[in-house]
Amino acid sequence: MFGRHSDLPLKGDATSRFLPWLVALMVYLSAVSLAGVFVLNGLVRSWDHDVSGTLTVQVQPVPGEAGEALTDERVRQAVELMRRTPGVLAARPLDKKQILALLEPWLGNTDVVKDLPLPRLIDVTVDPDISMELLELADRLARSVPGATLDDHRIWLSRLINLSRTTEWVAIAILVLIGCVTSATVIYATRTSMAVNRSVIEVLHLIGAHDDYIARQFADRSFALGFSGGLIGLALAVPSLTAIGWAARRIEGGFLPSLSLPVTGWVMIAMLPVIAAALAMLTARLAVHATLARMP
Amino acid sequence: MRNNRRGEHIIRFDSVGLRYGLGPEVLRDISFALPSGSFHFLTGSSGAGKSSLMRLMYLGLRPTRGRVVLFDKDIAMTRRYELPALRRRIGVVFQDFRLLDHLSAMDNVALPLRVRGVKESEVRKHVPELLNWVGLSEQINAKPPTLSGGQKQRVAIARAVIGRPDLLLADEPTGNVDDHIAMRLLHLFEELNRLGTTVVIATHNQFLVDRFTQYPRLHIDRGTVVEGE
């Protein structure tokens with residue numbers, strides 16, 4: 001493919017000199033989009049996994065001197081009620097230290113808030129395979145334990161997951177658009193090159209060359225240009241993605257799940273130059289066939 | 001390759017007409033048939049339509065009307081993917097040579113063999129032999145821009161005959177050479193004809209036609225063949 005015989009003077013063809021740089025840019029953008037798709041996919045999976053099977057019960061603190069003991073009693077009642085509920089696997093009240101640890105990513109040093117009357121939390125694990133009437137449970141909890149509410153993460157988290165999924169699809173659409181733009185550019189470059197080499201093509205055509213004999217020479221050239229451009233794009237993308245990954249790891253303070261790119265993602269990104277070259281080769285071949293079909 | 005027996009028609013035109021775009025007809029009601037193994041001159045003044053007729057014969061154009069039958073195949077009914085096989089049976093010496101300037105004389109002559117997928121060892125054996133035969137053994141690696149008009153013409157002829165074509169079409173093949181070389185080239189075409197190739201030579205060189213009176217003429221005047229064999 002790189003060293004095959006060619007009758008056409010395509011190596012010195014100035015019309016396709018810009019192609020490697022354009023493919024490099026496209027591969028760079030594709031690598032960033034693809035990384036985005038993989039990271040978002042991992043994020044959604046992680047959230048999806050975290051949200052299924054958990055509920056949180058919140059008990060408002062009771063003010064006054066006997067408030068602490070009364071609040072403890074209400075927490076105990078709520079835990080009892082939850083443990084009696086079918087489908088609940090475990091109900092575990094969080095102590096104050098754990099609640100402060102949860103607030104730390106948002107509020108920083110929690111020394112100033114530890115004396116404030118904070119709501120008490122009960123972490124409830126439910127069987128994900130059993131369908132529960134959450135509204136009825138929330139109602140029963142509110143009636144049985146004053147100041148207790150059931151917090152179902154699924155509502156707001158599902159909106160977040162929807163947003164992430166939409167972003168994921170947008171990233172995939174960007175990848176498709178990049179493929180289309182690359183193909184359109186290859187078609188333009190191939191047609192220009194064909195126009196420049198028209199007399200040579202005519203001679204080959206008239207001495208009995210099949211269309212594919214001519215198309216193969218353009219396709220080989222496009223593959224070589226696309227592959228070299230793809231390698232440049234990859235060489236630029238890897239440091240960028242590594243830098244983004246490094247910056248993301250610095251902000252992983254607990255409220256964001258891991259933002260690192262999985263191995264599959266790196267493999268896919270490493271394959272981008274070959275995919276870009278194959279796309280350029282196929283597009284050039286089809287473009288030459290379409291143009292030659294108009295010759296007698 | 002030589003499927004046509006001597007005497008059968010290798011090419012036949014029936015009421016063929018040709019116009020470029022929406023312009024006037026440049027060829028009108030052309031009807032003739034060339035027997036396999038024949039040798040013809042195609043004569044006519046400059047602009048009479050010789051080159052257009054040659055282009056129809058080497059399938060460089062499709063007629064706008066009428067019927068062209070080549071190697072027993074009606075061209076209008078022949079599928080596009082079948083045409084290269086027909087073109088490979090035709091050797092063409094173009095009026096303007098149409099050599100590829102970026103390739104050496106060797107690679108230019110090798111083109112018809114390479115498009116057929118002939119082994120490179122065969123190519124490297126036969127092409128230098130033929131270039132030697134047309135007196136260009138010294139110019140085997142020379143590129144066309146460095147060759148004289150006569151040398152280019154001989155490279156073009158070598159390219160046309162390397163594949164042992166069934167039909168050889170030469171458009172003004174002696175236009176750039178002196179009478180001595182013109183005679184040598186004509187003898188080369190005669191030799192090919194003796195080996196079974198049907199030869200059509202388009203020329204307005206009356207001297208040449210008069211020297212080879214044994215061969216019939218197709219005379220074209222104002223877009224129509226007015227004189228057959």
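A residue is called buried if 20 or more other C-beta atoms lie within 10 Å of its own, exposed if 12 or fewer, and partly exposed in between, with C-beta atoms placed from the backbone. This is a predicted model, in which local features need pLDDT of at least 70 and side-chain atom pairs count only at pLDDT 80 or more, while totals for chains, interfaces and linings use all residues. Residues are numbered from 1 along each chain as its sequence is written, and chains are lettered from A and ligands numbered from 1 in the order in which they are written.

Q: What makes A:Leu157 buried, exposed or partly exposed?
A: A:Leu157 has 15 C-beta neighbours inside 10 Å and therefore counts as partly exposed. The residue belongs to helix H5 of chain A, residues 154-196, where helices (H or I, at least four residues) and strands (E, at least two) are DSSP runs numbered from the N terminus. Between the C-alpha atoms of A:Leu157 and A:Val37, which are 120 residues apart in sequence, the distance is 19 Å.

Q: Why is B:Leu168 called buried?
A: B:Leu168 has 23 other C-beta atoms within 10 Å, and therefore it is classed as buried. This leucine sits in strand S7 of chain B, residues 167-171. Beyond its neighbours within four places in sequence, B:Leu168 is in contact (C-beta atoms, placed from the backbone, within 7 Å) with residues including B:Gly91, B:Phe189 and B:Val199.

Q: What is the place of B:Leu168 in the largest nonpolar core?
A: The largest nonpolar core has 109 residues, and B:Leu168 is among the members that touch the most others, together with A:Val27, A:Ala31, A:Ala280 and B:Leu169. A nonpolar core is a set of buried Ala, Val, Leu, Ile, Met, Phe, Trp, Tyr and Cys residues joined through C-beta atoms within 7 Å. Helix H1 of chain A, residues 19-51, supplies the largest share of this core, 14 residues. Another core, of 13 residues, lies apart from it, with A:Ala78, A:Met82, A:Val126 and A:Leu137 among its members.

Q: Where does H8(A) bend, and what follows within four residues?
A: H8(A) bends by about 40° at A:Leu272, and the proline A:Pro273 follows within four residues; the bend at a residue is the angle between axes fitted to the seven residues ending there and the seven starting there.

Q: Why is A:His289 called partly exposed?
A: A:His289 has 15 other C-beta atoms within 10 Å, and so it is partly exposed. This histidine lies in helix H8 of chain A and touches A:Asp211 and A:Ala215, residues up to four places away in sequence not being counted. A:His289 and A:Ile214 are 75 residues apart in sequence, and their C-alpha atoms are 8.7 Å apart in space.

Q: What makes H1(B) largely enclosed by the rest of the structure?
A: Eight of the eight residues of H1(B) are buried, and therefore this helix is largely enclosed by the rest of the structure. Its buried residues include B:Lys50, B:Arg55 and B:Met57.

Q: Why does B:Phe71 count as partly exposed?
A: B:Phe71 has 19 C-beta neighbours inside 10 Å, and it therefore counts as partly exposed. B:Phe71 is not a glycine, yet has a positive phi of about 50°, and its place is the loop between S4 and strand S5 (73-74) of chain B.

Q: How many residues does each chain give to the contact?
A: Chain A gives 13 residues and chain B gives 17 residues. On the side of chain A, the largest share, five residues, comes from helix H6 (residues 198-206).

Methods: Two residues are in contact if their C-beta atoms, placed from the backbone, lie within 7 Å.
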